[in-house]
Amino acid sequence: MFKWKDWTIMEKNEHPTSIAYAVGFLLLLFSNVSAQIRYSITEEVKKGTVVGNIAKDLGLDTNSLKERGCRIVPGSTESLFQVNQHDGLLYVKEIIDRETVCERTSPCLINLKTVLDNPLEIHYVVVEVLDVNDHSPSFSEKVARLEISESGLPGLRIQLQAARDADVGQFAVQEYKLSHNDHFRLEIKDRGKDGKIPVLNLLRPLDRETKASHRLLLTAIDGGKPPRSGSVQILVDVLDINDNMPVFTKDVYAVHLKENSPLGTTVIQINATDLDDGSNGEVIYSFGNNVDRKILDIFRIDPTTGEIIVQGLLDFETAESYDIDVQASDKGSAQFKTDKSVLINIVDLNDNVPEIEVTSFSRAVAEDARLGTTVALISVYDLDSGNNGKVVCSLSDDIPFTLSPSTQDKMYSLVTKSPLDREKQSGYNVRIIASDSGVPMLSSEKYIHIVVSDVNDNSPTFPLSHYTFYITENNNPSASLFSVRASDPDEDSNSLISYHIPREERDHSSFLNINHESGVIVAHKSFDFETLKTFQFHVVATDGGTNSRSSNVTVHVFILDDNDNPPVILHPVSSNGSAEGVEEVPRNVPAGHLVTKVRAYDADIGYNGWLLFSLQEVSDQTLFGLDRYTGRIRTLRSFTETDEAQHKLVILVKDNGNVSLSATATVVVKLGEPKEAISASDVKSVSKAEDESNVTFYLMITLGSVSALFIASIIMLVVMQCSKPRELSAAKYLQETNYDGTLCHSIQYRSGEKRYMLVGPRMSIGSTIVPGSNGNTLVVPDRRSTLAEPQTTPNPIEMNTWSYRGRPT
């Protein structure tokens, strides 16, 4: 509980009044209860004067005060008050002097802290000590002396020492009074919280010969009732007049002084005289009251001799001359002063290095800036004068800049004198040299860094004139195939390259996609060598400049064959489409008789399309034989009467891929009755044998022709690499008389780090060899490199490669 009581205790016979002003609030802090009460008493009350009833004001049980030990916590002022533990009354223990306790502080508050135990309670009591007018105003001295020259003019104001009063408020000094006189009157200046100040004002001139001194009485009065007062006696002594002034011996004082003169150098000596006697005639010298502080740091004057002496650094560039006011004063009681001007001219020396200032500078200049473009405005300064201040400015050699003099003196323009190329040099450290014409010559230099800013003057470039990539068919869709990369020597956005495939090439854009940032190319579908063997497209690289530049490169893509097609049996084929057939052979055919020929086709090329034949099942291994390469089935011996009438042969046809694929054909051989035209059959067999011999002969001719054409193609390749023809127009045809085997032919050659194999399926009658065709060109990878690398070898189309294009057997 918080209660606020205000008790006012009056001194002597006045009854104490209880003014019920109290504001309470509840403050709970842990388990402690605190409250605050405020009382008011006047100073100087008697011992035992009751200040207030703490128990009543706090609502405490008076019966338990003693048991709970009601007390005042010791402090600096606890000895002034005491609490009665029986009734809870707070009374004065010692006589209180407000000026001793609070000096001039107002209001004067004494804070007491009372404590009760079990339970612990803390109560704060504030006692305000009210001031009474128990002090009189007083002056610091009994007699105050003033000296005023008889030459003093009316209106002269002299501030007097103010009186002091230990009381405050209305009991402090309120007014001053001056004894009656004819020459002075009193003014009061109110200084607010600092009190009132008496000021003595001269009403008429003083005459020392009439009255040498004046006695005045100044009285200070406070605001008490009744008021208290104090006084001081003021003695005014009238001084004699000093009626002669000092006179300088020269009308003009002027001198020349070199800058940087050493300290202690005497510049000039001035002299003045005074006709008065005694102290009124003794002259002292000083600088005038308005002399700048900087001059006082450089010069000093001897007050006795009048010599002006150097005591600081002299700099012509700081000041070319000094016009110094000096004074000659006598030592009279009322001094007379005479002013004179001394002119000191500073002589310039070449002691300043030229200064270079870049007043307006663009730190970056575009590389396409025109000749004569202003890069910087350069000012040169030399604080010296004459030839010492004449400056010549120059630049370092081997830079594309020059200095152009401006219409203003000592101002130059730094301009371009030759073309700039940021890609060759992105910045220049320009050395500017400034030299004066003094003796000795002084010079300085300054470096400025000029950045050549980029403009989009370079197109993206690819490292190769064209790219060649080889991709195995059945690739994984959406997987990265390969990438192209271009570079741009420009910087920032001008070198930021994006890639795209032109919309005009819609055939490729439908199944190809290029990452605009990385140049990685992805196919949306798997390639099929049997459908598409090669294609080409263009990739355009565009930079990010404002006026964008672009370039393109041709990409050649070759699809490599994979063994993804099994052999297809062309003969024998039954009516229902199965690989089965029935052959009737007379029993009287001789050994070597051609029973039939198994014909097969593989859509793959090279080793993947190279077919081999083998007998998987045969009823009599001594009776039939199978040619491994041609698929011809012949009799190994003549039939006998004991041989069965029907024989079943199962033929396996497989390719030569890494993982070979195969197919089977079934041939049923039925033995028939002998025919009479055996001789005719033999003739036919012999004729066929002769035909086979002819086929072998023509095959040799064909292979020789191919070899010759291959050598010719190599020669043409060299010629084309030199002449770069656009396309080939010649075509040669080679016919075979009669060959329908299944052996795959190939020709290999090396170019650079790649080995090329020219392959084709089985040749037969009507086969052609077409120069420039890359339909069946197989690239055999070198073990030292991967297929995914860009190839620097020419496009196989340009290499005049050869392949076989023929019908299947």
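Helices here are DSSP runs of H or I with at least four residues, numbered from the N terminus. Helix α6, made up of residues 678-723, is one of them, and Ile711 is found there. Welcome to this structure, which is a predicted model.

**Salt bridges: Asp117 and Arg71**
- The model has a count of 15 salt bridges.
- In one of them, the side chains of Arg71 and Asp117 meet at 3.0 Å, N to O.
- Arg71 sits in strand β6 (residues 71-72) and Asp117 in the loop between β9 (108-116) and β10 (121-130), so the pair ties together parts that are 46 residues apart in sequence.
- Asp117 is partly exposed at a relative accessible area of 27%, and Arg71 is also partly exposed, at 38%.

- Arg422 and Asp454 meet through their side chains in a salt bridge of 3.1 Å, N to O.
- Asp454 belongs to the loop between β34 (443-453) and β35 (466-472), while Arg422 belongs to the loop between β32 (411-416) and β33 (427-436), so this bridge ties together parts 32 residues apart in sequence.
- Both partners are buried: Asp454 has 15% relative accessibility, and Arg422 has a relative accessible area of 10%.
- Arg422 forms a salt bridge with Glu491 as well, where the closest N and O atoms are 3.5 Å apart.
- That pair links distant parts of the chain, 69 residues apart, with Glu491 in the loop between β36 (480-483) and β37 (497-500).
- Glu491 is partly exposed, with a relative accessible area of 31%.
- Through shared partners, salt bridges join Arg422, Glu423, Asp454 and Glu491 into one network.

**Gln327, a buried residue in a strand**
- Gln327 has its place in strand β25 (residues 321-330), and its relative accessible area of 7% makes it buried.
- Its side chain is joined to that of Asp339 by a polar contact of 3.2 Å.
- Among the residues that Gln327 touches are Phe248, Tyr285, Phe287 and Lys337.

**Gly544, a loop residue**
- Gly544 lies in the loop between β40 (534-543) and β41 (550-560), and it counts as partly exposed at 39% relative accessibility.
- Gly544 and Ser498 are 46 residues apart in sequence, and their C-alpha atoms are 7.6 Å apart in space.
- Beyond its sequence neighbours up to four places away, Gly544 touches Ser493, Asn494 and Leu496.

Note on methods
Residues numbered from 1 in each chain as written. Predicted model: local features only at pLDDT ≥ 70, side-chain atom pairs only at ≥ 80, totals over all residues. Heavy atoms only, no water. Helix = DSSP H or I, 4+ residues; strand = E, 2+ residues; numbered from the N terminus. Buried < 20%, exposed > 50% of the residue type's maximum accessible area, 1.4 Å probe, protein only. Polar contact = N/O pair within 3.5 Å; in protein donor to acceptor, adjacent residues only side chain to side chain. Contact = heavy atoms within 4.5 Å. Salt bridge = Lys/Arg side-chain N within 4 Å of Asp/Glu carboxyl O.
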